[in-house]
Amino acid sequence: MRKPYFRLMVASTLAVLVLGLVLVACQPAATPTTEAAPTDTPPPPVKILYWSHDFPPRADLDREYMDKFKADNPGVEIEYVIGPGNDSEYITKLVTALAGGEGPDCFTLLSMAAAPLLAQGSVIPLDYKLLGYDSQEALETSYVEGTLEGLKYNGTLYAIPNEVSIYSLFLNKKLFEDAGLDPAADYPKTWEDLRPLAEKLNLVEGGQLKQRAFDFTYGMPDDITSPVLTLAGMAYQLGGTVVNAEGTEATVNTEPWVRTFQFVQDWVYQDKFGDPALTVSNIGFYEGTVAMTISGSWFSSYIKDQQSPVYDTHTVVPLPRWSDATNPTGAFMYSYGIFINAASSPEKQQVCQGLIKELSAHPERYLTDAGLLQPTLALSQSSTIQEVPNMQVFLNDMVGTPYWLVHTETFAIADAIGRALQRVVTENQPVQEALDQAKSEIDELLK
Amino acid sequence: MPNTSVSLIMGLVLATLIHKRPWWNIYNRRRLWGLIFVLPALTFFALFAFYPMANAFYISLTEYRLISPPVFSGLENYAHLLEDQRFRISLGNTFLFVAGSAVPIWVISLALALLLAGRFWGRNFVRTLYFVPVIISGVVVSMVWRVLYHPYGPVNALLGPLLGFAPNWLTQRNLAPWAIVAMNVWQSVGFYMLIFIAGLQNIPEVFYDAAKVDGANRRQLLRHITLPLLKPTTLFVMVISLIDGFQSFTYQYMLTKGGPSDATNVIALYIYQNAFQYLNMGYASALSLVMFVIIMVLTLVQLRIVRSEEGLYA
């Protein structure tokens, strides 16, 4: 290459690099944009953007009450956007939009995903006065005890739940009856009860497990129910926690966790009652090949949406407890709260508060029409909850049960436990070794 | 955009000043015009390649949780990278995937190209058949292969009797990476086959005629004419397939989500997890830059090796 051309190339490259660096230096700071100062002219119509995670049975109700809210508040417009299919994609889209300053004014979000937003002040606290309460305590006491805990950060409540969920045990009555069992009496009360039931309900044909009595979810790509919430609940029944009281050290390698994981490993390797390679348990359930599966109250609507015949033959029973459980509680709770964007204008935030009030004022309809539990005290004492099949079971399982950890590293912590589970059920790694590794990974995150 | 214009003018002035001769010199004027003509392309690259890269480098030096502004943290992310076991695992998985995919892709696509380059009835149909997987979205391919890999699915129906057991292709740690490699090879060979066919068609027929006159057999034709003259095409295939392998994301995301327990977690997926699941954008950027450097070094090494060998034939 001739030298002048080389110099020119060097010069051009330098120019482009200079340009790149200038652009980096000149990028706008990632701070929320400030709104224009109010003027004397009448305020223009307020249009808010509301994002919601995807759950088809709820969307029509949301629209109905949004229309009512708009009718009651002339000048208010609401753009209702339903996010992509699964939580992970929705959260990615939401957080990216918020980071880019294009986020919605109010939005639903999984309680465990909210911690990073809460820690960084990206959402505002709930205005309990606008919701008609004198204090946060008054608002909290209008809900079933403990059901708002996952939406609080440092003691402040940031959202009203449009769904509080807990996993209980779904049961296919027909498969029970086909095996000569009485679903009302023979359902498993303890984890230990699952083994004799598996002996009766599992069907093996040509070496293949054609029907399973029960199977865990193992965090496989098709899973719609988190195994970590179940396992944390099982360990909690034996007195186990995820982290110590100070939140400085993981406790996932303690005896309650070891016993829980050992049970799951034995289920797969020793007893061969389940298999992570097979169709995931929830799908197997509505396909009619799994007699019992663990899921939330929303799963009934989901089965109905899949037009599965199992919808007519299913029931829900309490999550099994250990025979020697110290805490007779269920799987860890989670919820979807409606949060308000801190970067939105005060007018929009106020409209969002009003909309939240409207959307949270109809827990009966959300329960009967969408199968979603908004656990107000009034609802829990109403006849409606008795009329909706199985709902009392979920509500009972919530009593005394904690929420999954509200922590900025919540997903990474859950992933560490999930990976330990997969090592245990797909590699047959010794349980203690797998959990020691999980503890070390979580400790690193807690630093 | 004013910043862009100013930077471009600065660049031009810089380019002119570095060159010591007067700018009105006919050669320099010609070069200057050349530079002006490439400016649109340079601007495009500056905006969509250099700027994001410079920005990623800046972010990699910060603690950036996506929602709040980045806070400068020096080389902390890079230091963490050295201690991160999951990074080492995903890096190892990435190399395994690249190495496992690349060699079969090169060999099979070249073999197919040699087979299908000749003239025979139905040639275009067969070529199209091999190319069809390329035009199918990676997501769709993943969904189809997930069904194929089901414990009671077609793959086990075929292989089960031979093996004497039914492997769990996607949930067994030792099998899942290879299951994804096989799928990648299946989808990719059609594309590289086409590149090789184009390369083969560029070899003048007279070389073969001359060699045949000299008594060369088919093997000798392949060894002494086809393969040497296919070197530029081979280099292209090698570079592109390696880069493509290092960037693999869709299959792992769709089929296993990196599991079981990180057995199929590759760098691109690990970057995604850090950026969008754990909201650790600073660390994700550091990972991206390391990945960039790895690909860059490997590409340069490949170029160096192939060019030095080219010299042997010059």
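How many helices and strands are there in chain A? Chain A contains 19 helices and 12 strands, taken as DSSP runs numbered from the N terminus (H or I, at least four residues, for helices; E, at least two, for strands). The model is predicted, so that local features need pLDDT of at least 70 and side-chain atom pairs count only at pLDDT 80 or more, whereas totals for chains, interfaces and linings use all residues. Residues are numbered from 1 along each chain as its sequence is written, and chains are lettered from A and ligands numbered from 1 in the order in which they are written.

Of the 447 residues in chain A, 47% are buried, that is, have 20 or more other C-beta atoms, placed from the backbone, within 10 Å of their own.

An open sheet of chain A is formed by 5 strands in the order E2-E1-E3-E12-E6, with mixed pairing, where two strands pair if DSSP finds at least two bridges between them. Its edge strands, E2 (76-82) and E6 (160-165), each pair on one side only. Strand E1 (residues 46-52) of chain A pairs with E2(A) in the parallel sense over 7 bridges, and Ser52(A) has Ile82(A) as its bridge partner in E2(A).

Helix H13 (residues 346-359) of chain A, with 14 residues, reaches 20 Å from its first C-alpha to its last, close to the 20 Å expected (1.5 Å times one less than the number of residues). Its buried residues include Val351(A), Cys352(A), Leu355(A), Ile356(A) and Leu359(A), and among the elements covering the buried residues of H13(A) are E1, E2, E3, E6 and E12 of chain A, together with helix H2 (56-72).

Definitions and conventions
Buried ≥ 20, exposed ≤ 12 C-beta atoms within 10 Å, placed from the backbone. Contact = placed C-beta atoms within 7 Å.
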